[in-house]
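Biologist: Please show the sequence and the model, and then let us go through some contacts by question and answer.

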2 protein chains.
Amino acid sequence: MTTRHSERTSTASGVVIDLSAAIVTVTDEEPKILLVRPADMAPRPGLPFGPFDPTGHRTLEEGLRAWVEEQTALHLGYVEQLYTFGDRFRDPKERAGGPRPVSVGYLALVRQTALKDAGDSIWGDWYRYFPWEDWRSGAPTIIDSLIAPALTEWVDSATSKPDRNRRRERVNLAFSLGGAAWDNERVLDRYELLYEVGLVFEASFDAGADPSDKLAGTQTHTGAALTKDHRRILATAMGRLRAKIKYRPVIFELMAPTFTLLQLQRAVEALSGGRLHKQNFRRLVAHEGLVEPTGHISGQTGGRPAELFRFRREVVHERPAPGVRVAVQVSKRAG
Amino acid sequence: MTTRHSERTSTASGVVIDLSAAIVTVTDEEPKILLVRPADMAPRPGLPFGPFDPTGHRTLEEGLRAWVEEQTALHLGYVEQLYTFGDRFRDPKERAGGPRPVSVGYLALVRQTALKDAGDSIWGDWYRYFPWEDWRSGAPTIIDSLIAPALTEWVDSATSKPDRNRRRERVNLAFSLGGAAWDNERVLDRYELLYEVGLVFEASFDAGADPSDKLAGTQTHTGAALTKDHRRILATAMGRLRAKIKYRPVIFELMAPTFTLLQLQRAVEALSGGRLHKQNFRRLVAHEGLVEPTGHISGQTGGRPAELFRFRREVVHERPAPGVRVAVQVSKRAG
DNA sequence: AAACTTATACTTAATTTGAGCATATGTACG
DNA sequence: CGTACATATGCTCAAATTAAGTATAAGTTT
């Protein structure tokens, strides 16, 4: 216990560090995530990633940028480290004796204009993988039709009473089934719950089940699957982004240089998964000094033309928490 | 570009993953950090850490807990992953051909009662390493006497005008020299700025300077130093904890099972580095349902005896963001 | 008993938030 | 040309929250 600080080089064997990127953009009021098409080995699409090279990469982030530029011909602007994933058996190949992969996950934001489609990378609709997260037109039907009943059954099937209570609390907290307000930031909580209950494809796949089995019967899987644990990384990214919007002006990383206030509002709504009160939204961004008018007018609206605005970068130095601190209105769940 | 997803094992060579822990407690209204005494090789104390063992450790967090228990005989309760550090030359030994260390940093909270002093681990005063962060009795003198002048000089010494402006903005943002309100969460920003300007010991040490040089003349180094980049990890932990207190009831991880409201307030103040308005603080914790009275009375106050309270765990399931959302009053800077 | 320390209840004004009304200014289409 | 419709924008209003007190209670210290 005294010599523990002496030279301790790689006693650890077989660690590989992967750098993974959840690259987000918003086009046509829809949030998108950059995916690479499945290669021969991978049956499902996944996030772009590549191994960290300690000799070539000065920093982790630099390594990530290099990989992404090579794989997708995309130059990343805003990049933020999310989380480092290192649980055993994140990659099923590990069971067969593969090395232990540790992934450092990143969130990156790029503007719509930057999408050059480079071969085998594509923009995937974010809510295709998380259909229960989009409340913009009311409560997602999949919750009432599929998720809620299955979760209730899972709660009831607990063997002991304290266990049942724990399960109920967890369900209520994640999916607000107990009447609480929907918390749009708990994306990861919800995904992990669905995984544990077996409601997402990855769960049964990771458990080694033949996927065609369950799918043959009733539809019990929700949302489209990604390879390995990439959907979990994406859930982490969504939650972080939804939280960050509220206190940092990151939304402007996704906007064109000039935009109308409605375009800005729609972008926030797309990411947040709920609707905003229009007048209050305008009051907020104006009062917080987040934007300034350009004097130009947009003609694209189909109604009264809107003024074009631009982001006021100076706001970062003026206010402690500049961001779109707006309450997301989420229509009450039916029933 | 098409085969990039095929088997790509460790082309990366010489990566070692370290797990580091910033273990925080509060005793006698002072925040403390657990440090391990310098061994022969390390000239300064540092955070407890150990290598990640992919064969033995099921998860990263489990690996961290195992290391800490082994090194300090401390069982960790609340643990949260902070950030993964991988910049080149974080450890000066790397220049001499050592392996590239990547550290996954964690924040852990333990209660005062849990401190068993196990041999060569000690509790260090948190503000000894960051004297400019404690505003509880007004603006720290070190800012006006040392930091502000040095930063101003650094701003003025910029060669180009845009460069000077960038420096000024950065200084104003981090240390609120431009009249803005002090933001107690920007701990990392401030440390990194001081590092870059050369005001912390680690900067000149990492640059290879003989430390006795500078110290011989005027005192230009602020705060006590830690080994390698552990002070940076600690800064990250402080910032995260200060932020988290406001929206999650993590403060109770540091409190005894029952406590008076003033004890609770002092603990929050100790971590936040500022004073709170007493009456509003009580109204807040009561109104938020964070605590409930035990019916018992504390006799230790030296004034009117206070009622003892306990944390209401249920609050987590009731409110979206339970936490001590209180504006930290920071006395205005002198001058 | 007087001075001091801490606890706790209550007041008040300013600010922020949530929701909506009213009106302006354009397009689409009969 | 006129009516319906869509969007933009200014403004009001009540409720809730926040910041900063005053007032009083209930102990300890000297």
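Biologist: With which residue does B:Glu196 form a salt bridge?

Modeller: This is a predicted model, where local features need pLDDT of at least 70, side-chain atom pairs count only at pLDDT 80 or more, and totals for chains, interfaces and linings use all residues. Residues are numbered from 1 along each chain as its sequence is written, chains are lettered from A and ligands numbered from 1 in the order in which they are written, and side-chain values use heavy atoms, with hydrogens and water left out. A salt bridge is a side-chain nitrogen of Lys or Arg within 4 Å of a carboxyl oxygen of Asp or Glu. For B:Glu196 the closest N and O atoms are 3.0 Å apart, and the partner is B:Arg170.

Biologist: How many residues apart are B:Glu196 and B:Arg170?

Modeller: Helices here are DSSP runs of H or I with at least four residues, strands are runs of E with at least two, and both are numbered from the N terminus. B:Glu196 is in helix α5 (residues 187-197) of chain B and B:Arg170 is in helix α4 (residues 161-175) of chain B. The pair links distant parts of the chain, and the separation is 26 residues.

Biologist: Is B:Arg170 buried, partly exposed or exposed?

Modeller: Buried means under 20% relative accessible area, exposed means over 50%, and partly exposed is in between (1.4 Å probe, protein chains only). B:Arg170 has a relative accessible area of 30%, so the residue is partly exposed.

Biologist: Where in chain B is B:Glu133, the salt-bridge partner of B:Arg242?

Modeller: The closest N and O atoms of B:Arg242 and B:Glu133 are 2.9 Å apart, and both residues are buried. B:Arg242 belongs to helix α8 (residues 230-244) of chain B, 109 residues from its partner. B:Glu133 is in the loop between α2 (126-129) and α3 (141-156) of chain B.

Biologist: What is the relative accessible area of B:Arg136?

Modeller: B:Arg136 forms a salt bridge with B:Asp134, the closest N and O atoms being 3.0 Å apart. B:Arg136 is buried, because its relative accessible area is 10%.

Biologist: How many salt bridges are there over all chains?

Modeller: Side chains of opposite charge can pair when their charged atoms come close. By the 4 Å rule, the count over all chains is 44.

Biologist: Which base atom of DNA strand D is 2.7 Å from the side chain of B:Gln279?

Modeller: A residue is near a strand if one of its heavy atoms lies within 4 Å of it. DNA strand D is surrounded by 21 residues, B:Gln279 being among the closest. A polar contact is a pair of N or O atoms within 3.5 Å. The atom 2.7 Å from an N or O atom in the side chain of B:Gln279 is a base oxygen.

Biologist: Which side chain has an N or O atom 2.8 Å from a phosphate oxygen of DNA strand D?

Modeller: Of the atoms of DNA strand D within 4 Å of the protein, 58% belong to sugar or phosphate and the rest to bases. The side chain at 2.8 Å from a phosphate oxygen is that of A:Lys278.

Biologist: How far is a polar side-chain atom of A:His277 from a base nitrogen of DNA strand C?

Modeller: DNA strand C is surrounded by 21 residues, and A:His277 is one of the closest. For A:His277 the distance is 2.9 Å.

How values were computed
A polar contact is a pair of N or O atoms within 3.5 Å; within protein, one must be able to donate a hydrogen and the other to accept it, and residues adjacent in sequence count only if both atoms are side-chain atoms.
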